[in-house]
Amino acid sequence: MIEHILHKLKTIRLWHLFWISMLLTEILTALTNVITALIIYREIRLSLLITGAVDAFVLSLIVAPVVVFLVKHLRETERALTKKTVYLDNIMRSFTDMALAATDLDFRIVYYNHVAEKIFGYKADAVIGHTVMEMHTREQIDPSRFGKAIETVRKEGEYRYTIKQETENGTRILESRVSGILDEKGKLAGFVLTSNDVTERERAREKLNVRANQQAVVAELGQRALSGIEPSTLMEESVSFVAKTLDVEYCKVLELLPDGNEFLLRAGVGWKDGLTGHTTVGTERDSQAGYTLVSSKPVVVEDLRTESRFRGPQLLTDHDVVSGMSVIIHGGKRPFGILGAHTTGFRKFTTDDIHFLQAVSNVLATAIERSRAEERIAAEKERLAVTLQSIGDGVITTDTDGNIVLINKIAEELTGWSQEDAVKRPLTEIFHIINEKTGEPVENPAMKVLKTRGIVGFADKTVLKARDGTERIISDSAAPICDKEGKIIGVVLVLRDITEKLKLEGEILKTQKLESLGVLAGGIAHDFNNLLTAILGNISIAKTYIKPEDKTFERLTEAEKASLRAKGLTRQLLTFAKGGEVMKKTASVAEIIKDSSCFALRGSNVMCKVSIAEDLRPVEIDKAQFSQVIDNLIINAQQAMPKGGTVEVSAENISAVSEKMLPFQEGDFIKISIKDQGSGIPKKNLQKIFDPYFTTKKKGSGLGLAITYSIIKKHDGYITVESKPGTGTTFHIYLPASLRQSPTEVNSNERVYNGWGKILIMDDEGIVRDVAGQMLRLIGYEVEFTADGSEMLEVYKKARESGEPYDAVIMDLTVPGGMGGKDAISKLVEICPGVKAIVSSGYSNDPIMADYRKYGFCGVVTKPYKLQQLSQVLYEVLFEESD
């Protein structure tokens, strides 16, 4: 009924609709008025009817146009929708190659175009109303994909996926997309699903990818060939690449043997173990390889089992080969062999596959031929190179114009020019020679040879200046090169680097001088220590007769200190002479730093500022050698400030962790820094300052810092330097801290130990025997003397035999022209194994002094010594050890 009315409204004329609307409105209004009058007044009044008629007419004039307008708008809207629907349907039908379907939010199909019917095999009437999941079970679409599609469409606007259909003609590839349908408010109302058949496109793309991959492999092998790898390695790589690229089980390179009757399996992939390098294949026409060689073109086999052109060789049949192809690897005068690829499955190889295999064989052919040519050239060059390289001198040859023709390896090293860079250049451009003394250029030897037509020798100490500026002293000669007819066709220069030879000769001379100085220094130190022993001994004796508050006692104490300072100087002489053994004792470096710093700068225009931590840890040092270290560094600082200045010396406790530049991982150290205000050290010299003989001073020996470095190293320490031109120099010394406490030396050094007993002194110096005897008698001992070891042994033996043996023997270590303590102690121990012997020497750095017990001595006293030191050592040997 309602549909009928709506249909009438759509078809009736608007003018009729207007009058009908007016009539219906007036009738309804009149009925309303009558009903209202009956309800209110219970009668029908004329006035009400008239008023109602007027109201009905007015109302109809209002309602009728409105109805007409609404109906008209409805008709226009319907026509527009119909037009859009037809337009949209035409658009949908215009997609002749795209399957298209529209669904609601549950993927229930509401539209299905004819392409979708064709691709998926369903009619539109059969799928509309069903879900996509229900109608496309054949494509085996994962249901979870549609849940993911909804989420992706909401976030990104569309969802793409690929469908693969199995058809009679093979696999069909569909590129599919899900997009959203939005309502007037922009809210998701459904989905549009589209699918395109991209099978041909994907096949073309796959084909292009295969071709590109094959081309890339050929390019890679070409690069490998150009890099100069061995042909055998290239063959192995090639068969591996071919097998992988063509997706075949087997690939091989067959080398045609010299007799031409067989191929050797030179390289391969997939073949049974032990075949490569050993198996041969005949070259007869009835094998695939032989047929390929004869036909001189690529041979493709689709099915070896039905092949009529030739039979399958045993190599292929044993491996169940079905399909394959082979091409010739060409050579210069004859082919090198065959490159083949094979598979156990039926395979139709494409034209691209054949071209690929041929391209790889071309790469192999080029590489093999190139390798053979290089071998021939290399053999020729080898003969010449062996001749030149066997010569230990540099060789340069030029033509008659003085241009370089050849330069051997030694000459390359000397001049800094390679063969490639030097050839065809003028000799004068790469061969710069100057006079060592004057620095003036030396005449071109090649030109001189061409002028004189004879051999020309270089002047003494001719210097060759290399490409990088390095200068070397060279010797030897230049001579003409003549052809068979005696005509000069060039010049050969033979040069030898004699820089190191001259330097070695100079070093030998320096060493000989230093050895002579060392012997002299050692002798002086020994004799000087003997004199100092007499001086110190007599001062010690004199002080025992004077009260400490007496001014004479004070003067004698100062003389004693000066003598001890002289003792330190002799110790330095001994260190210079022999290097010396380190005699370490636990001590504080504070006093050594203060005394050495002040003493070294005494009388100069340089001030010294010393800063030492109060809790500075003790160290294990040889006091005399360490004093020499401080002296050397302070003197260097003074010489760096000729106009005066201040040297800052500091000492502090550190740990290896806090000093990252130290070569120690852990441990406690003391750090001593000596800083000057001089001009600084150039950066280029910083790495050389500890080298022996290196000096920038006109009168310097170059030994001070070398000795300093050696002493610090012997103390298990480390020394560094910081310097910049114009800002001064700072040396840092790092020494391992000792866990022991530094002994208090004042009391032990100043105490005189009285004793008793019979003492035998052996010393070649009368003044030493005299002062030592007086000191010992002064503190209660009986003393007798001998001048050398032989006399001492005889005297000691007699005393022992007489029943009045000596309680102790004090022996001088070195006796010129006689038996010293080192030889005497071994014989003395044989006479009396329990002998108490004390070694004494001015050679304080002698190894025996550092490890005296090892040689049989019980004590050691170093010359020069005071009464206190001598008494203490003797007391410890006689009384403390016996206790």
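A residue is called buried under 20% relative accessible area, exposed over 50%, and partly exposed in between, using a 1.4 Å probe and protein chains only. By that rule, 41% of the 883 residues of this chain count as buried.

Some ground rules. The model is predicted, so local features need pLDDT of at least 70 and side-chain atom pairs count only at pLDDT 80 or more, while totals for chains, interfaces and linings use all residues. Residues are numbered from 1 along each chain as its sequence is written, and side-chain values use heavy atoms, with hydrogens and water left out.

Now the overall picture. The chain comes to 27 helices and 30 strands. These are DSSP runs numbered from the N terminus: helices are H or I with at least four residues, strands are E with at least two. Contact means heavy atoms within 4.5 Å. Take the contacts with a separation of 6 or more: 59% of them join residues 24 or more positions apart.

Let's go to a sheet. Two strands pair if DSSP finds at least two bridges between them. What is the order of the strands in the open sheet of 6? The order is 8-7-6-11-10-9, with antiparallel pairing. At the edges sit strand 8 (280–282) and strand 9 (299–301), each pairing on one side only. From one strand to the next, the twist averages 25°. Angles here run from 0 to 180 degrees between N-to-C directions, and axes are lines fitted to C-alpha atoms, for helices over the stretch in contact.

Two helices meet this sheet. Helix 9, residues 231–246, packs on the sheet and touches strand 6, strand 7 (262–269), strand 10 and strand 11. The direction of helix 9 makes about 65° with that of strand 7. Helix 10, residues 288–295, lies across strands 6, 7, 8, 9, 10 and 11, at about 45° to strand 10.

Look at strand 11, residues 337–343. It is mostly covered, with 7 of its 7 residues buried. Strand 6 (residues 250–256) pairs with strand 11 in the antiparallel sense over 6 bridges. There, Lys-252 stands opposite Gly-340. Strand 10 (residues 323–329) also pairs antiparallel with strand 11, over 7 bridges. Met-325 stands opposite Ala-341.

Next, the aromatics. Phe, Tyr and Trp rings (the six-membered ring for Trp) pair if their centres lie within 6.5 Å; planes under 30 degrees apart are stacked, over 60 edge-to-face, and the rest tilted. How many aromatic pairs does the structure hold? It holds 9. One is Tyr-718 with Tyr-734: tilted, 6.5 Å centre to centre, 35° between the planes. Tyr-718 lies in strand 24 (residues 718–724) and Tyr-734 in strand 25 (residues 728–736), so the pair ties together parts 16 residues apart in sequence. Tyr-718 is partly exposed at 29% relative accessibility. Tyr-734 is buried at 5%. Elsewhere, Tyr-753, Trp-756, Tyr-875 and Phe-879 form one aromatic cluster.

The test is NZ of Lys or CZ of Arg within 6 Å of the ring centre and within 35 degrees of the ring normal. Arg-467 lies over the face of Trp-417, 3.8 Å from the ring centre. Lys-758 lies over Tyr-806, at 4.7 Å.

Last stop: helix 23, residues 766–778. Its 13 residues reach 18 Å from first C-alpha to last, close to the 18 Å expected at 1.5 Å a residue. That expected span is 1.5 Å times one less than the number of residues. The buried residues of helix 23 include Val-768, Val-771 and Leu-776. Just after helix 23, Gly-780 takes a positive phi of about 110°.
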